[in-house]
Every structure is written in structure tokens, then in C-alpha cells.
Amino acid sequence: MKKFNVFLGFLVVSFLVVITANIAARVSARDKPQEEAMVARGAQLYDDWSKVVPNAAVPGGNHPIWARQSNNTRSGADTWRCVSCHGWDYQGKEGAFRAGANATGFSGILQSTSLESDEIVSILSGVDDPQHDFSSLLTADDLSALAEFIRYGLLDDNQFIDIISRQVESGDLKNGEEKYSAACATCHGSDGTSLTFRYEGTDIALGTLALQDPWRFLHRTRFGTARAPEMPLGVDLGWTPQDSRDVLYFIQSNLPSGFESTETGPLEIKPVENEGGPAQNWITGVLTAFGAMATSLGFAVLVGALLVGIILLLVWLLRSRQS
Ligand code: HEC
Ligand code: HEC
């Protein structure tokens, strides 16, 4: 009888463990993409697919949709990049590209994060708009990678960045400094000036880019750039979205940008009206906080209940052994 009890107890415990493991896996699968490498690949395709696709053939002339606007005077290959139309902040005309030389008036893609993968692939294959067809330029795998990036890689950093000054509004400077020294300073230098890159026709260093285009900084810090395959990706380093913002905040606050002595500041900053965008009042703040608490609480209660269950079971087992 005792033996049977122990056996039964063992069965029940294993059953509970399997169930919890399953629930835990599902909870983390929801906010973690299955294939992080695919998301990063999608992000680099979004940045400039012609640099990541082997033997890419960019059609001559401008992308046909480009002719629907006249403000942005770029031409040729650049007009075929997703980022040129939808922005580094993924918010098109609602985001950083709402004004200035980069403005096209094209919409953002943040609202597409809730679509299924095949729906996004259809959009990229010109099903709704025959001119928005990339299916002859990119393979099916690359279209899927773009869809995964849109579903799991997009973040709304404009809740943390002042769109006019381009400064991160707050953050953990110490965390930013530690992360920067540990992972970035070896190549970029402790003051960020060891490497320069082309930006709007000039060579600039990391401190300048951070102030000039924090959105491009974040995108490439998280997902890399085709120009630097040797660079560690934020997502591979396990950096959270906030870690990247902290590093950006540290760089903006401490590294030389070249704007220190000038009155002008970063290029193209024009005061624009902040129309639309996410509601930023205290009620939405409180609601979001409650939402987050409810989610983590639910899981904690579940784990707690399970632990209590296991303890009760052990007590019961021990007692039945003694009797
Ligand atoms: C030349 C400009 C241009 C380029 C390049 C471009 N798009 Fe678009 N995209 C648009 C416009 C304009 C729309 C709005 C719907 C339409 O007319 O197709 C759109 C719509 C979308 C949508 C649906 C958004 C919605 O809410 O309807 C997604 C997703 C999208 N594009 C992703 C991409 C990706 C990924 C790439 C790169 C492979 C890309 N786009 C390249 C202009 C562009
Ligand atoms: C192994 C060397 C190496 C390390 C480590 C490294 N980078 Fe880079 N990074 C590069 C190179 C090379 C480039 C490309 C320079 C060019 O465009 O010619 C680059 C480019 C960038 C860019 C893109 C600039 C642009 O053109 O928009 C950003 C942003 C960046 N690095 C941030 C970081 C951050 C943040 C870290 C720390 C996680 C980091 N890098 C670590 C080598 C490195």
C-alpha cells in the first residue's frame, strides 16, 4: 500500500511539473520570437535588402510608389529600401519622418505587428497594391523573415524619445555605461570616435549619430548593419529594449557629438506639432501599469499555487509513510 502511495505521489508530481513547464513555455513563447535570427535577418532586410541578399538586383530608377510624393528628393536604390518609406521608428508620417527632408507622407507599419505572417507576406507581394510587390526581388524565406521582424521586432521608442530634441527622456545611465564599455567600446572607442560612418553625406561617429538619428542607432544596435557583420547584435547579447535605450541615453549624455560648440544642433530639427501618437496622460499610464501587473501576477499566483500543491503532497506522502 505504501509503495503504491509513493508511486501515485510520484505520478501526480510529474504530471504537475509537465503542466507547469508547458504553461511557462507558452507564456515566454508569446513575448519571445521562436527564431531570433530570423527577426534580425528581417530587420537587416528592412534596413537595406540590397546589401544582405546575395547578388541582389535593384531595379533601375525609383520605386514606382516613390512618385506618389515629391518632398523627399532621394532617388534610385535608396527608394527601394523599406526604411526610406516607413522610417527607422517604423512610424512613417506619424513618426520622425513626419517633417524634414526624409518626409514622404507614407504610413507607418506599427499597426501591422498584429497581422499573421501570411497576411504580411501578401502585403509584400502586392496583393492589395500591385506596386507594393517585392516578391520577384526577395525569396519566400526573406519575405517571411520580414514578416517575423514586423511581428516581433518592432518597438515604439517614441514613448521614450522627445521627437523634437531627439533626446532619450530618462533612463539608467549607469546601466548604459556598463553595457557600452563591456560590448561596444573595443571597436567604437571609449568616446565613440574610433569608427565613423556615412550619414547624409558626412562622416560621423557614434555620439553624433546618437543625437542625430536615435532611431537608426537603436535599430542597428539591436539588429546590426550589413556593413558590420562582425558587430555583436543587441538581441544576441540579451539586451532588453530598455538596455538599448539606456546605452543610447548614456551616449547622448556623455560622448562627444560635435554639436557641443555649435548653436545649431543636429540637422533638420524643426519644431513640429505632435499630432496624434499614443495618448500620454496619467490615466493610460495607470492602466498600462495595471495591465502589466495583472499579467505577471497571474503567472506568479499559478506558480505559487503549484508550489503549495507540491508541499501538501509531500506532507501527505510522508504522513502516509509513517502510519
Ligand atoms: C516606395 C515606398 C515604399 C517602400 C520602398 C516600401 N513600402 Fe511598404 N508601403 C508603402 C505605402 C505607400 C503603403 C500603404 C499601402 C499601399 O499603398 O500599399 C505601404 C504599406 C505597407 C504595409 C502595410 C501597412 C498598412 O497599415 O497598410 C507594410 C507591412 C509594409 N508596407 C511593409 C513594407 C516592407 C517590409 C517594405 C520593404 C520590403 C516596404 N514596405 C517597402 C510604401 C513603401
Ligand atoms: C567588432 C567591432 C564592433 C563592436 C564590438 C561594435 N561595433 Fe558597432 N560598428 C562596427 C562597424 C565596423 C560598424 C560599421 C562602420 C561603417 O559603416 O563603416 C559599426 C556600426 C555601428 C552602428 C551603425 C552606424 C550607422 O551607420 O548607422 C551602430 C549604431 C553601432 N555600430 C553601435 C554599436 C553598439 C551600440 C555596440 C555595442 C553593442 C557596437 N556597435 C559594437 C563595429 C563594431
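1. The protein has twelve helices and two strands. Helices (H or I, at least four residues) and strands (E, at least two) are DSSP runs, numbered from the N terminus. Along the sequence the pattern reads α-α-α-α-α-α-α-β-β-α-α-α-α-α.

2. This is a predicted model: local features need pLDDT of at least 70, side-chain atom pairs count only at pLDDT 80 or more, and totals for chains, interfaces and linings use all residues. Residues are numbered from 1 along each chain as its sequence is written, while chains are lettered from A and ligands numbered from 1 in the order in which they are written.

3. Of the 323 residues, 29% count as buried. A residue is buried if 20 or more other C-beta atoms, placed from the backbone, lie within 10 Å of its own.

4. Look at helix H5, residues 140-153. Its 14 residues reach 19 Å from first C-alpha to last, close to the 20 Å expected at 1.5 Å a residue. That expected span is 1.5 Å times one less than the number of residues.

5. Why is H5 largely enclosed by the rest of the structure? Ten of its 14 residues are buried. Among them are Asp-142, Leu-146, Phe-149 and Gly-153. The buried residues of H5 pack against helices H2 (36-52), H4 (117-124) and H9 (214-223). Contact here means C-beta atoms, placed from the backbone, within 7 Å.

6. Now ligand 1. Of the 24 residues around it, Ile-65, Cys-82, Cys-85, Asp-129 and His-132 come nearest. Helices H3 (82-86), H4 and H5 each give two or more residues to this shell. H3 gives the largest share, four residues. A residue is near a molecule if its C-beta atom, placed from the backbone, lies within 6 Å of it.

Definitions and conventions
Buried ≥ 20, exposed ≤ 12 C-beta atoms within 10 Å, placed from the backbone. Contact = placed C-beta atoms within 7 Å.
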